[in-house]
Amino acid sequence: MDEAEYCNRVCIMVDGKIEAMDTPAQLRQQFHAQDMEEVFLQLARKAKRSGD
């Protein structure tokens with residue numbers, strides 16, 4: 001997720017749906033995260049696992 005810091009806009013999908021889309025700075029603020037890795041992990045925890 002280091003590369004995401006250099007983007008103008010980032011879109012993160014979970015289970016085929018857009019869950020977050022904004023600038024890296026806004027996403028870090030919205031998710032109270034130190035970096036984009038932390039934003040990603042917060043969103044990834046919502047994912048449904050196959051077989052669940």
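Tutor: Let's start with D15, which counts as partly exposed because its relative accessibility is 45% (buried is under 20% relative accessible area, exposed is over 50%, and partly exposed is in between, with a 1.4 Å probe and protein chains only). Before we go on, this is a predicted model in which local features need pLDDT of at least 70 and side-chain atom pairs count only at pLDDT 80 or more, while totals for chains, interfaces and linings use all residues. Residues are numbered from 1 along each chain as its sequence is written, and side-chain values use heavy atoms, with hydrogens and water left out.

Student: OK, in what order do the elements of the protein chain run from the N terminus on?

Tutor: Reading from the N terminus, the order is β-β-α-α.

Student: In what sense do strand 1 and strand 2 pair?

Tutor: Two strands pair if DSSP finds at least two bridges between them, and here there are five bridges. I12, for instance, stands opposite A20 in strand 2. The sense of the pairing is antiparallel.

Student: Back to D15, then: which phi does D15 take in the hairpin of strand 1 and strand 2?

Tutor: D15 is in the loop between strand 1 (10–14) and strand 2 (17–22), and that hairpin has two residues between the strands. Most residues other than glycine have a negative phi. D15 is not a glycine, yet its phi is positive, at about 55°.

Student: And H32, is it buried or exposed?

Tutor: H32 also has a positive phi, about 50°, although it is not a glycine. Its place is the loop between helix 1 (24–30) and helix 2 (36–44). Because its relative accessible area is 70%, H32 is exposed.

Student: How far apart in space are D22 and R9, C-alpha to C-alpha?

Tutor: D22 lies in strand 2 and is partly exposed because its relative accessible area is 26%. Not counting residues up to four places away in sequence, D22 touches R9, V10 and L27. D22 and R9 are 13 residues apart in sequence, and their C-alpha distance is 5.2 Å.

Student: And what is the C-alpha distance between A44 and A20?

Tutor: A44 is in helix 2 and counts as partly exposed because its relative accessibility is 23%. A44 and A20 are 24 residues apart in sequence, and in space they are separated by 11 Å.

Student: Last one: what share of the 52 residues of the protein chain counts as buried?

Tutor: For a sense of scale, the C-alpha atoms fill a box of roughly 35 × 20 × 20 Å, taken along the principal axes. Of the 52 residues in the protein chain, the buried share is 23%.

Definitions and conventions: Helix = DSSP H or I, 4+ residues; strand = E, 2+ residues; numbered from the N terminus. Contact = heavy atoms within 4.5 Å.
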